[in-house]
Amino acid sequence: MASQLLRLRSHCGVLSAFAQGKRAPIPLTRRLLSNTKDKQSSLETSDSDSTEAVSVVDPSPVYTKEEAKEIDEVINKSSGRTGSRSEYVSEREPVVVHEMSYPVLSNKWYRVDPEENEFVQVGRSHVNRVPKLRHGLERVLFSPGVHCLEDPHSGVYNFDPYIRNITQPDEFDYDKLTPYITSSKDETLMGYARQCDKKFVGSTSSMTHVLSHLYFAISAGKGPDISSLSMAFADMPTNFTRGMRYPASIALRYHDGVYGIDADKSFDVKDSILSVLGKSLEKLLTSSPKEFEMYKKQNSWKVKDIPEENYHYTQFGEFVLRSQLDCRDDRLPRRTFDLKTRGSLAIRMDLQNYEVSKGYQIKTMKGRLQSFEREYYDMIRSAFLKYNFQTRIGNMDGIFVAYHNTARMFGFQYIPRREMDNIIYGNEATGNKAFKT
């Protein structure tokens, strides 16, 4: 169909422009609202016997947003049209619209320029309050690859043995940790939006799934590059996982002129074991053994003050975004990085029965099963795009990954943002342009 060819041509143009380093126009399919009588009558005459719906698409060239507004003003003056858009749309004769049509400010397509907006920090930075890694784990930041907690050959520990066994949820007092605040309830975030005259606020957790779907659209479903993995994965799927491609659902909550974007949790019964453990493991990796012991239930009465959460606020276009800062090291180019605790394959495949899957061990560096390479492969397909967006929104340097099976820790790896860029987009420059788009 013509509409499908048009969509395909749009995707190809975007990818071609990305590859050549050019500014790529991103057209938005638009319902044709002006002067459609002649076009419809000609279509009816030529295809009177056809029962298939016809897409009416304006073949005019791509305009900038400013040019499109000027054209609309001229049309309004010549037709004597006044008032809001809703007042005159109903006066038009109905037209056949492609299912992907989207209303924009004018009757013409206009170009979305990724370079029009820049990320600008809002408010004071609290980077100096962000905790650092403990137990000797900071060595991982400056040594590429996976670092085993316990050397598989000699049994010698490369890091503090205290972090080998994981404290279970029923032993840890989560009430002593800073509670999570959604975007719509964050008064500081809302205040920055009103101060900067912005309409929307959001956080990394509420925005990344939606941003992933926008990336799928502009990249025509391009998958990540797994060519750096061993031949054990030569015949494995190379696209993003089904969970990544599931529809994204968010909630817009209006308050005093600003819309707060929250993740839709209406169908979540309770937090998974990985989500719960992630909170306590982050505390473990950034605390000394003595400090961490205070957060266990038998000692939690000693904790007097709940520490404040550290956020990075930034504005982009009509948005003010919030990113939680987990950890820092002043020697890194961007100083801060994200902490990620990654449950092993068997745990992720059956979260409800994670107790049964604790026997699954990560024993080797490479291989299709029971290896760090398998965890890295799954992370590429199911989490890298989300992690990449989170580091960009928070201006972070990368992610620190701790591999575990909910019972014990296996190893650690630091993945810079550039490494994720190369796998997802091909290079850092294309990643910057794709993210801004």
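Predicted model: local features only at pLDDT ≥ 70, side-chain atom pairs only at ≥ 80, totals over all residues.
Modeller: Before we start, local features need pLDDT of at least 70 and side-chain atom pairs count only at pLDDT 80 or more, while totals for chains, interfaces and linings use all residues. Residues are numbered from 1 along each chain as its sequence is written, and side-chain values use heavy atoms, with hydrogens and water left out.

Colleague: Happy with that! Why is the pair of Phe119 and Phe316 called stacked?

Modeller: Rings of Phe, Tyr and Trp (its six-membered ring) pair if their centres lie within 6.5 Å, and planes under 30 degrees apart count as stacked, over 60 as edge-to-face and the rest as tilted. Phe119 and Phe316 are 4.5 Å apart centre to centre with 25° between the planes, so the pair is stacked.

Colleague: And what makes Phe337 and Tyr414 edge-to-face?

Modeller: Their centres are 5.8 Å apart and their planes 80° apart, so by the angle rule they are edge-to-face.

Colleague: Why is Phe316 called buried?

Modeller: Buried means under 20% relative accessible area, exposed over 50%, and partly exposed in between (1.4 Å probe, protein chains only). Phe316 has 14%, so it is buried. Phe119, at 28%, counts as partly exposed.

Colleague: How do you know that the charged end of Arg322 sits over the ring of Tyr311?

Modeller: A charge sits over a ring if NZ of Lys or CZ of Arg is within 6 Å of the ring centre and within 35 degrees of the ring normal. The charged end of Arg322 is 4.6 Å from the centre of the Tyr311 ring and is listed as sitting over it.
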